[in-house]
Structures are given as structure tokens and as C-alpha cells.
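Hi everyone, thanks for coming. Please have a look at it before I start talking.

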Amino acid sequence: MPAKRKGSNASFPLKLTKGGTTVRVTRLSNGYHRVSYHLGGRRKTEDIKDPEGAIALAKEKLTKLQGGEIDAAQLTDKDRPIYSRALDAISAWG
């Protein structure tokens with residue numbers, strides 16, 4: 001059963017979903033909160049002490065992931081050459 005944190009309205013683990021994108025916030029035993037999400041085929045995590053800060057970061061990551069704000073450096077090795085060829089192909093138009 002998720003536990004309520006003192007001074008916070010959120011219970012953990014917290015799962016934020018928008019479209020097909022999910023970001024999770026879990027409370028760790030050391031008092032930190034872990035924000036986890038998938039980017040470029042890999043699981044990314046960030047640990048934050050403040051529960052409200054962790055929720056704010058999760059919302060920010062969810063918005064960025066859902067909005068397609070992705071950088072070529074975050075692509076997998078398999079996707080990087082495809083991305084490069086696509087950029088070359090569209091550069092002819094402008």
C-alpha cells in the first residue's frame with residue numbers, strides 16, 4: 001500500500017502518464033525520491049531529496065518526453081544514423 005508522506009498530498013509510488021508516456025516517482029529507504037522514465041530505449045533515473053521537487057521534475061520530464069523534446073545525443077546507437085539521414089533528407093527543402 002502506498003504511504004503518505006508528511007506535509008505532502010502525494011502518496012508513493014506515484015505514476016504520471018500522458019498518452020503513451022509514463023514517469024514514476026518512488027520513495028527510497030534513504031529518504032530520497034527517485035524519478036524514473038525511459039529515453040532512447042534506456043531507463044533514466046534521478047534522485048531528489050524533496051518530494052515536491054521530485055514531483056515537479058517528473059511533471060517536467062513527462063511534458064518534455066510527450067512534446068518530443070529529444071536530442072540526437074539521447075538516441076540509441078541504432079537510431080542515430082537513421083536520424084542523421086533524415087536530417088540530411090529534409091535539409092534539401094530548406
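I'll begin with the overall layout, then turn to the first helix, the salt bridges, and a few local details.

One thing to keep in mind from the start: this is a predicted model.

So, how many helices and strands are there in the protein? There are 2 helices and 6 strands. If you follow the chain from the N terminus, the order of the elements is β-β-β-β-β-β-α-α. The protein has 94 residues, and 24% of them count as buried. Taking contacts between residues at least 6 apart in sequence, 32% join residues that are at least 24 apart.

Now please find helix α1, residues 51-66. This helix has 16 residues, and the distance from its first C-alpha to its last is 22 Å, close to the 22 Å expected at 1.5 Å a residue. Which residues of α1 are buried? They are P51, A54, I55, L57, A58, K61 and L62. Looking down the axis of α1, these buried residues fall within an arc of 160°, so they line one face of the helix. And what covers them? The cover includes strands β2 (11-12), β3 (14-18), β4 (21-27), β5 (33-39) and β6 (42-48).

The model has 3 salt bridges in total.

In one of them, the side chains of K61 and E46 meet, at 3.4 Å from N to O. K61 is in helix α1 while E46 is in strand β6, so this pair ties together parts that are 15 residues apart in sequence. Why does K61 count as buried? Its relative accessibility is 18%, and the cut-off for buried is under 20%.

The remaining pair is D47 with R34, where the closest N and O atoms are 2.7 Å apart. This pair links distant parts of the chain, with D47 in strand β6 and R34 in strand β5, 13 residues apart. D47 is partly exposed, at a relative accessible area of 38%. R34 is partly exposed as well, at 27% relative accessibility.

While you're looking at R34, let's move over to R24. Where is R24 found? It sits in strand β4. At 41% relative accessibility, R24 counts as partly exposed. R24 and R34 are 10 residues apart along the chain, and their C-alpha atoms are separated by 7.8 Å. If we set aside neighbours within four places in sequence, R24 is in contact with L14, K15, R34, V35 and S36.

Most residues other than glycine have a negative phi, and most peptide bonds are trans. With that in mind, is the peptide bond from F12 to P13 cis or trans? It is cis, with omega near 5°. P13 lies in the loop between β2 and β3. The other detail comes just after α1, where G68 takes a positive phi of about 80°.

Finally, let's go to the surface. Which residues form a nonpolar patch there? Y83, L87, I90 and W93 do, and together they have about 480 Å² of accessible area. One of them, L87, belongs to helix α2, residues 79-91. L87 counts as partly exposed because its relative accessibility is 39%, and partly exposed covers the range between the buried cut-off of 20% and the exposed cut-off of 50%.

That's my tour, and I'm happy to take questions!

Technical notes: Residues are numbered from 1 along each chain as its sequence is written. This is a predicted model: local features need pLDDT of at least 70, side-chain atom pairs count only at pLDDT 80 or more; totals for chains, interfaces and linings use all residues. Side-chain values use heavy atoms; hydrogens and water are left out. Patches are made of residues with over 30% relative accessible area and no salt bridge: like charges are joined within 9 Å, nonpolar side chains (Val, Leu, Ile, Met, Phe, Trp, Tyr) within 5 Å. Accessible areas come from the Shrake-Rupley method with a 1.4 Å probe; for residues, only the protein chains shown count as cover. A salt bridge is a side-chain nitrogen of Lys or Arg within 4 Å of a carboxyl oxygen of Asp or Glu. Helices (H or I, at least four residues) and strands (E, at least two) are DSSP runs, numbered from the N terminus. Buried means under 20% relative accessible area, exposed over 50%, partly exposed in between (1.4 Å probe, protein chains only). Contact means heavy atoms within 4.5 Å. The expected span of a helix is 1.5 Å times one less than its number of residues. The arc is that of the directions from the helix axis to the C-beta atoms.
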